[in-house]
Amino acid sequence: MLATHADHGPATSAPLTVDGSHPKANIEIALTAGGTVKGKVVDNSGKPVASAEIRVVARGHVDWRARRQALSSADGTFAVSGLPLRAMDVVASHDSGASAIVAADLAVKPEAEVALTLDVTGEITGTVVDKAGQPIGDAQVIAEPEWSGGTGDRAAWSVRGIQEAVTDQGGAFKLTGMPDGAYRVRATRPGSNEAMMSLATPVLAKPGDKLKLTIASDGKVIGKVALDGKAPVRFFVSVGDYGRPFSSADGAFSLPLAEGKHAVSISGPGFVDKQIRDVVVSQDKDTDLGTIAVTA
């Protein structure tokens, strides 16, 4: 179990064994003194920047490492407390740019002061349109490093976080604070499932590029799932990280999918997972997989 507090470092309990029948009581989690990172965010001319986002991340490339976020005040200052006493990485981002990643070793000194200058000002801009060339407002746009394109190591990008934007009503977007290198830029329609982003066709770009991203209308994969001639009580249809649960009297499903070739997986309790490869989906059309028999 994990406990956190604004003024103390995070801490965990000793390992617990739960048998499903007997309650566990008197669990103790001892919070220790936490560290603090404070400082100031300024632009290239030295002027303070308000409402910059500051990310403080424990060093080490693992998904579960401690991370905290804060916003700079009107005079550009910030303070993040309750941090673990270990080496941390600090970065700031804003509509006008981003800073370099600055080290703050709280294991050496529990209070560190850093200066963050928004001098990373690379931009990727563009518009998102449909196949008729009409702009799409509120579309989601994301940029991920192309690791073979000189965008640095993965640990640094897990500190910076994913670069993302939402288009205005004219379909325009701007991604700021982009270090030099190559990026894969994707876009999906407003309200799309977040996992659908991984299915969108990427466009390679670098800072300074102006893009025109075209979103095709989705198609659908339809069909039925049968277990021993009957519909399973429930099942899940997915492509990669994207999918939906289904429960229907006849085992029918309908899953919207981006145009392209996909591997569709069927999974659920009581039967062996099944995958159908090379399923071709066309925009505004249904791809019927027929009745898919699964094995108990």
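How many residues lie between β20 and β21 in the hairpin that they form, and which residue in the turn has a positive phi? The hairpin has 2 residues between its two strands, and G240 in the turn has a positive phi of about 60°. The structure is a predicted model, in which local features need pLDDT of at least 70 and side-chain atom pairs count only at pLDDT 80 or more, while totals for chains, interfaces and linings use all residues. Residues are numbered from 1 along each chain as its sequence is written, and side-chain values use heavy atoms, with hydrogens and water left out.

Strands here are DSSP runs of E with at least two residues, and helices are runs of H or I with at least four residues, numbered from the N terminus; two strands are said to pair if DSSP finds at least two bridges between them. Strand β20 (residues 235-239) is largely enclosed by the rest of the structure, because 4 of its 5 residues are buried, a term that stands for under 20% relative accessible area, against over 50% for exposed and partly exposed in between, with a 1.4 Å probe and protein chains only. With strand β21 (residues 242-246), β20 pairs in the antiparallel sense over 5 bridges, and F235 stands opposite F246 in β21. The pairing of β20 with β23 is also antiparallel, over 3 bridges, and here S238 stands opposite S265 in β23.

Strand β23 (residues 260-267) also contains H262, which counts as buried at 8% relative accessibility. A polar atom of the H262 side chain lies 2.7 Å from the backbone oxygen of A258. Contact is taken as heavy atoms within 4.5 Å, and, not counting residues up to four places away in sequence, H262 touches L199, V239, L257, I276, R277, D278, V279 and V281.

A nonpolar core is a set of buried Ala, Val, Leu, Ile, Met, Phe, Trp, Tyr and Cys residues joined through side-chain atoms within 4.5 Å. The largest such core has 22 residues, of which L199, F235, V237, Y242, F253, L257 and I266 touch the most other members. The elements that give two or more residues to this core are β19 (219-227), β20, β21, β22 (252-257), β23, β24 (274-281) and β25 (286-294). A second, separate core of 20 residues includes V56, F78, L106 and L118.

Aromatic rings of Phe, Tyr and Trp (its six-membered ring) pair if their centres lie within 6.5 Å, and planes under 30 degrees apart count as stacked, over 60 as edge-to-face and the rest as tilted. A search of the whole structure finds 4 aromatic pairs. The rings of W157 and Y183 form an edge-to-face pair, because their centres are 5.7 Å apart and their planes stand at 75°. Since W157 lies in helix α1 (residues 154-160) and Y183 in strand β16, this pair ties together parts that are 26 residues apart in sequence; both W157 and Y183 are buried. F246 is buried with a relative accessible area of 15%, and F253 is buried with 4%, while F235, F246 and F253 form one aromatic cluster.

Definitions and conventions: Polar contact = N/O pair within 3.5 Å; in protein donor to acceptor, adjacent residues only side chain to side chain.
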